Amino acid sequence: MKWYLTNSMAVEINCADVIEVVARFVGLKVTDIKQCQLHRQSVDARNKHHIYYNCSYRILTAKTPVNAKPYTQPVDWLRDVEPWQNKKVVVVGSGPCGLFCARYLASAGADVTVVERGGDINSRTQAVANFNNGGQLDFDNNIQFGLGGAGTYSDGKLTTGITSPFVHTVFTEFVRQGAPQDIMTSNLPHIGTDYLVKVVDNMKNAVINDGGKFMFHTKLVDVVGVDGVVTQAVLQSEGKKFSIDCDYLALAIGHSARDTFEMLYNRGFEMTSKPFAVGLRVEHTRQFISTAQYGKLALTHRDFQSASYKLTANFADKSCYSFCMCPGGNVVCATSEPHGVVVNGMSNYDRMGDNSNSALVVNVNSDDFGNGVLDGVRFQQQLERLCYDLTKQQGEYKAPAQNVTDFLKGVTTTQFDIEPTYARGVVSVNLRKQLPAFITETIAKALPLFGQKIKGFDKCGVLTAVESRTSSPVRIIRKDMFSTTHANVVPCGEGCGYSGGIVSSAVEGLKSALAICNRLQQAVDKR
């Protein structure tokens with residue numbers, strides 16, 4: 001018996017019960033197939049009059065099929081490793097990178113401490129809800145900081161462009177910790193915030209069960225070392241500073257840890273600025289997007305209720321593209337600093353909110369913000385403070401917004417086309433006049449092109465500013481996973497400039513843990 005993977009095939013019935021169709025497709029009898037499992041599923045909606053599933057399947061059979069190729073089942077977790085007693089590893093940050101790094105290290109027997117400036121999931125959920133309801137912003141416990149990282153309060157999208165064997169490991173672990181099983185087969189897998197908050201809490205408990213420790217509401221404020229080796233992490237909690245020893249330090253700090261970037265730069269870490277993207281969050285009704293993508297089936301078929309999209313427009317000097325698309329979701333208040341407004345998007349697993357949203361962002365680089373290592377950070381802050389200043393007289397942390405049609409005309413909106421979902425409320429502002437022209441003009445050129453791809457996209461909807469935290473504006477330089485200036489420090493994940501999104505960050509965590517384990521094993525082998 002061998003496993004085989006079929007080529008993609010059109011399926012117009014239940015994707016999980018098609019053994020007769022599969023058998024016919026691969027030239028076998030139904031009795032020849034001992035097992036049939038859905039491998040990957042997507043929706044082909046290019047022809048609105050003929051929408052179908054595009055599927056591939058794993059089959060177990062003794063005969064060699066046509067339209068199939070040999071398939072090896074991937075390993076669902078990493079190899080066993082020898083434990084190292086008394087080797088202290090401090091992991092800074094508990095986003096996907098930090099959690100997966102700690103998960104592997106703890107299971108390998110290292111003495112792991114996860115340092116997280118935000119709170120655990122209960123504390124964090126309360127802080128986010130309080131801020132959304134008009135309360136004070138907690139600068140260290142919010143949508144950006146806390147257990148699970150920035151991705152926890154998003155759509156939980158698991159799409160990725162990387163081709164690492166660890167991707168399967170990440171997906172399997174998510175399912176093991178409570179994520180929906182369908183992420184293993186969907187072409188556009190997502191967990192949803194409502195599931196993700198439970199998943200990251202379960203992952204935390206798994207680390208603790210393997211002997212790891214978590215220190216919440218605790219921030220890395222300095223490092224102490226000798227000859228390029230960090231020996232202690234200096235932490236701060238409840239206003240008090242203290243130090244803990246470390247043999248290795250993993251920096252999974254996230255893309256918004258601006259004060260940490262500055263501290264590391266001042267401590268001599270080799271760093272550089274990197275390109276990122278900024279723009280606006282656009283909202284349309286969920287029904288509009290779904291109908292535009294799926295036609296009448298959007299209203300009648302149970303699987304076609306909340307459509308997604310991906311849009312790109314390339315020009316001579318700039319590009320505009322959709323980012324972090326959230327079907328049936330909300331625009332969220334994502335700031336983490338005083339006197340700044342930041343927007344992002346989130347949705348729950350069912351994606352059944354009234355509106356769908358995505359960011360429309362423009363690429364920026366050193367030509368736009370300067371050549372200094374931290375100039376990208378400053379550029380983000382300037383945009384966020386500008387948006388805060390534009391609306392502060394109407395209420396703290398309200399967001400500036402404008403109808404898509406008014407944005408294209410360059411006039412202030414008098415009445416919004418749809419009800420914006422940004423929780424703190426929006427204020428009508430002529431964004432074309434207030435934000436940098438190279439950003440707004442690029443988006444203005446792109447919108448009519450997007451309207452050609454999704455009919456009516458540029459004829460309705462609301463734009464909200466500013467989407468500034470798409471990725472880290474810095475990169476901490478490393479070689480073979482370790483810092484070029486501090487021999488026992490692993491800069492990893494999105495914050496250090498090496499990933500983007502939940503899956504690639506989680507893979508970064510596994511790669512970082514494996515690099516540390518290999519160093520530990522090398523030390524043992526030399527004895």
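Predicted model: local features only at pLDDT ≥ 70, side-chain atom pairs only at ≥ 80, totals over all residues.

A residue is called buried when its relative accessible area is under 20%.

Select residues 399-403, strand β20: 5 of its 5 residues are buried. In a regular strand, side chains alternate between the two faces of the sheet. Colour A399, A401 and N403 for one side of β20 and P400 and Q402 for the other; both faces are covered.

Residues 426-428 form β21, which runs parallel to β20 and is joined to it by 3 bridges; here A399 has V426 as its bridge partner. Residues 462-467 form β22, antiparallel to β20 and also linked by 3 bridges, with Q402 partnered by L463.

Now move to the largest nonpolar core, which has 59 residues. Select V91, L105, V112, L158, F174, I183 and I516, the members that touch the most others. Elements supplying at least two residues each include β6 (88-92), α2 (96-107) and α14 (502-525). The most come from α14, with 10 residues. Centre on I516: beyond its neighbours within four places in sequence, I516 contacts V89, L105, Y248, A250, F482 and V490. A separate core of 52 residues includes A45, F276, L360 and F457.

Last, show the cysteines. The model's count is 0 disulfides. C496 is buried, at 0% relative accessibility, and C55 is buried with a relative accessible area of 0%.

Terms used. Residues numbered from 1 in each chain as written. Heavy atoms only, no water. Disulfide = S-S within 2.5 Å. Buried < 20%, exposed > 50% of the residue type's maximum accessible area, 1.4 Å probe, protein only. Core = buried A, V, L, I, M, F, W, Y, C linked by side-chain atoms within 4.5 Å. Helix = DSSP H or I, 4+ residues; strand = E, 2+ residues; numbered from the N terminus. Contact = heavy atoms within 4.5 Å. Pairing = 2+ DSSP bridges.
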